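Visitor: Good morning. Could you take me through this structure, one piece at a time?
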Amino acid sequence: MPKGNRTQTYTPNPLLHALYGRFFDQIQVDEAWVKKVRDVAARGTVVYVQRSLNLIDFLALDHLTKRYGLPQIGFTNDLRLGVLSPMKQSPWKALFRGPEPSESEQLRAALEQGSSANLFLKRPPGVLDVALGASHGRGLREGDALIQTLIELQRESPRPILLVPQVFVWSKGPDTRGMHAIDLLLGPREWPSPLRTMGQFLYNYRHVALRAAEPLDLHQFLESSTDLTDEVRVRRVTYALLRRVERERRSVTGPAEKPPDRVRLEIARSPKLQHVIQELAGDRPADRGALTGQALSMLRELQAAPETGAVKAMEVALDRVFKKIYAGVEYNRAEIERIRELAKEGTLVLLPSHKSHVDYLILSYVFNEENLQLPLIAAGDNLNFFPLGPLLRRGGAFFIRRTFKGDRLYAAVVDTYIRRLIKDGFPLELFLEGGRSRNGKLLPPKLGLLSMIVEAALQVESRQVHFIPISIGYERMVEAKSYERELGGAEKQREDAGGLLRSTEVLRHRYGRINLEFGEALTLSAVRGELGLSTRGELTVSERRALVRRLANRVMDEINAVSAVTPGALTALTLLSHDRRGISHDELVQRARRLLAVLREVGARVTPSLATPSGSLRAEAIRESIQLFIEAELVEAHDPLAPAPVKRERRKRPRHEAPRELIYTLPDSGRVSLDTSKNMIIHFFVERGLIALALRPEDARPVNRQVVRERVQRLSRLFKFEFRFHADKSFDQIFDETLASMFEAGEVELAAADQLIPGPGRLDWSGKEWLICYASCLRNFLEGYQVAARGLLALVKGPLTEKELVKRSLAVGSRMFLAGELERREAVSKPLVQNALLALSDQGYLSQSGDKLELTESFQNPAAVRAIEGRIAGYLAGGFEE
């Protein structure tokens with residue numbers, strides 16, 4: 001296609017270029033955009049396509065294409081600026097050269113001479129257009145004749161013409177329904193004038209982004225549309241380009257915005273909610289009006305009301321707070337781009353793990369930084385207190401009661417509201433665990449709200465819903481002190497303004513890094529296929545329940561699978577799996593290096609701050625983590641020649657002074673908080689730990705493989721409510737695969753007569769040392785279950801409520817620890833005792849009598865209860881009861 005010399009591109013005067021270049025250099029341009037345009041240019045002739053005529057959009061695109069050495073713009077539509085249009089020839093030249101060629105002729109000349117072009121498809125409606133209703137809010141047609149010219153050019157040339165939609169996101173605020181007075185002067189948000197665009201840019205300069213949608217290959221399009229007229233082709237090309245632009249733009253701005261009171265009225269009039277109201281009111285018309293009023297009041301209490309100003313204020317505040325207390329937020333940009341693509345295809349339901357109140361903020365913080373539409377967050381009504389509640393509501397939170405069992409109207413209101421959000425395409429964020437995990441492990445999923453979302457997604461077949469499992473990892477929790485109290489049995493304190501003021505204490509400390517990991521996106525059709533259900537058509541009630549359960553379990557398994565190993569989690573695991581009083585820094589690093597090797601073998605993700613791209617441990621990451629724990633008083637550092645613990649390691653020493661290695665010890669008061677960090681990755685060691693416990697490596701005696709299998713199976717049943725085991729694999733399959741990997745690693749080997757013994761080992765550890773380490777990782781869990789079993793003695797005198805039994809068991813555990821019967825302070829833990837009671841009930845030792853627990857008939861004497869404890873303690877002391 002190129003012929004002759006390249007046409008002249010736009011050259012601004014130096015002053016103007018310096019002025020707007022300084023601003024346009026702030027636009028977020030990632031390498032993906034540059035690469036996409038370069039790849040397209042290698043395939044054919046590039047024509048940039050934008051939606052609406054706008055001088056600022058043209059100047060910005062022209063500046064950035066020149067800055068990154070991309071195809072230069074030799075033509076753009078008439079920007080309606082007369083002689084001031086940047087691509088117009090000057091009046092002086094026009095006087096001697098004659099009339100200016102038509103736009104179609106200019107476009108043809110630019111492409112034939114090797115330049116690129118910029119094409120605007122629409123013209124923003126003017127004040128008169130809006131007043132006369134000529135635009136219908138959609139802009140006026142502008143580029144049809146130029147699309148026709150491109151079609152004609154493509155017919156004449158074998159070189160493809162590729163139309164590349166470009167989207168400048170000047171404002172992250174959503175479009176609005178209807179017109180406001182300011183829109184008549186400056187244009188609406190979706191069709192801004194240059195003046196409004198500049199205002200949006202100055203207000204939102206940190207997040208202005210340029211994105212390229214999927215290119216349209218005109219050559220391929222013509223080959224696939226031989227039966228169409230050119231008029232139809234023009235319409236189809238225009239529509240396809242506009243749709244791609246809109247999808248890209250909406251992935252940032254989200255659905256159009258309506259006033260909250262209008263949304264409430266529309267929801268209240270929905271047929272499903274009205275049907276429930278009519279059934280509750282019966283034949284009493286007055287009750288119907290009262291119930292509708294209650295529904296509107298419930299919606300006002302529930303509804304999110306995001307505001308651009310509030311989001312901006314939270315952005316500034318969170319940016320300062322996060323940078324003050326955290327060393328950074330780690331995530332993979334490629335995963336963010338994957339989420340962005342899914343957002344263009346349908347509705348996102350974000351399902352993060354829940355360990356901290358910071359979880360409510362971190363996804364929105366990252367999405368805001370990456371120019372993704374902010375999710376609406378399902379929060380408990382315990383957070384709806386002044387001043388936090390109104391702020392969170394304006395940031396996108398909607399508040400749901402902790403329980404609404406038996407309140408049919410409230411359930412219908414929540415269900416209808418969720419259905420509306422799904423239909424409109426708002427991304428949702430909810431915490432499947434319900435409450436925060438205090439001990440770092442995932443809690444069992446709560447299915448109530450997820451059931452409503454699944455029900456809504458099944459009804460809204462026009463939109464694909466993507467369920468995104470997300471792991472949020474911390475090196476140290478901001479709630480560590482309160483969690484330590486609650487794990488020890490103290491009651492959870494209700495959130496209020498006083499607690500919010502007291503929480504400012506966290507600003508005086510550092511908490512390491514936050515890590516985000518995104519799992520595989522799940523769809524209902526895929527999960528239905530896994531269950532053997534038809535991917536189309538109605539489901540029975542039991543099938544829907546099975547669908548929700550399977551989806552919930554798949555999400556939780558995926559969160560576990562993608563949880564990343566952070567420096568803090570690895571350091572905590574290394575410290576707590578070491579059985580001696582102290583550990584030197586060099587030994588800490590070496591043990592961490594060995595454990596990291598195992599984690600990589602089992603497929604665990606590792607944060608960039610912990611390991612090099614080749615997978616080697618960054619020793620400095622361990623040093624930073626241990627210093628973090630020392631400053632939090634979770635670890636004590638001792639210089640053998642110093643009289644008191646060292647608060648901070650000296651990096652620089654006098655030349656004459658020989659370096660002395662620090663020894664780290666763990667005060668009992670710090671073990672519980674360290675255990676929370678350790679538990680974020682403990683699931684990667686559970687299978688190996690169970691086999692190690694069954695082998696009792698301290699005894700150094702061979703054990704028959706079948707005996708080990710049976711012991712591990714009993715442990716798996718005991719820990720049924722403690723750990724998540726692969727639901728898609730049988731016990732035998734998991735056992736055989738784990739044992740095979742331990743054989744291969746040299747941790748276990750087979751002796752005569754199918755006997756298992758410690759192997760030769762690897763990485764400077766013997767097989768016995770590996771097995772002792774694995775068993776040590778789970779010791780506190782066994783000790784915690786031993787505490788629960790000892791606590792059953794309180795039931796010999798009669799039934800107790802679970803709350804009272806847990807309280808007494810924790811008191812028993814504290815005495816056991818102080819008396820030296822327990823090694824691990826973290827074993828005296830409320831969640832451990834609660835899970836143990838579930839397991840003991842499941843195994844037939846306990847039964848429910850009303851709201852109380854009692855011993856079953858065969859175990860209502862002290863000797864029988866001690867036998868229960870003996871079965872558990874046997875895995876610790878070697879006295880197995882086979």
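Visitor: Which residue does Asp 424 form a salt bridge with?
Guide: The partner is Arg 420, and the closest N and O atoms of the pair are 2.7 Å apart. Arg 420 counts as buried, at 16% relative accessibility.

Visitor: How many residues apart are they in helix H19?
Guide: They are 4 residues apart, so about one helical turn separates them.

Visitor: What about Arg 762, which residue does it pair with in a salt bridge?
Guide: Arg 762 pairs with Glu 601, with 2.4 Å between the closest N and O atoms.

Visitor: Is Glu 601 buried or partly exposed?
Guide: Glu 601 is partly exposed, with a relative accessible area of 46%. Arg 762, by contrast, counts as buried at 16%.

Visitor: How many salt bridges does the structure hold?
Guide: It holds 62 salt bridges. One of them joins Asp 415 and Lys 272, at 2.8 Å from N to O. Asp 415 lies in helix H19 and Lys 272 in helix H13, so this pair links parts that are 143 residues apart in sequence.

Visitor: A change of topic: what is the mean pLDDT of the chain?
Guide: The mean is 87, and 88% of the residues reach 70 or more. Over residues 91–96, however, the pLDDT is below 50. Where pLDDT is low, the predicted coordinates should not be read in detail.

Definitions and conventions:
Residues are numbered from 1 along each chain as its sequence is written. This is a predicted model: local features need pLDDT of at least 70, side-chain atom pairs count only at pLDDT 80 or more; totals for chains, interfaces and linings use all residues. Side-chain values use heavy atoms; hydrogens and water are left out. pLDDT is the predictor's confidence in each residue, from 0 to 100. Contact means heavy atoms within 4.5 Å. A salt bridge is a side-chain nitrogen of Lys or Arg within 4 Å of a carboxyl oxygen of Asp or Glu. Helices (H or I, at least four residues) and strands (E, at least two) are DSSP runs, numbered from the N terminus. Buried means under 20% relative accessible area, exposed over 50%, partly exposed in between (1.4 Å probe, protein chains only).
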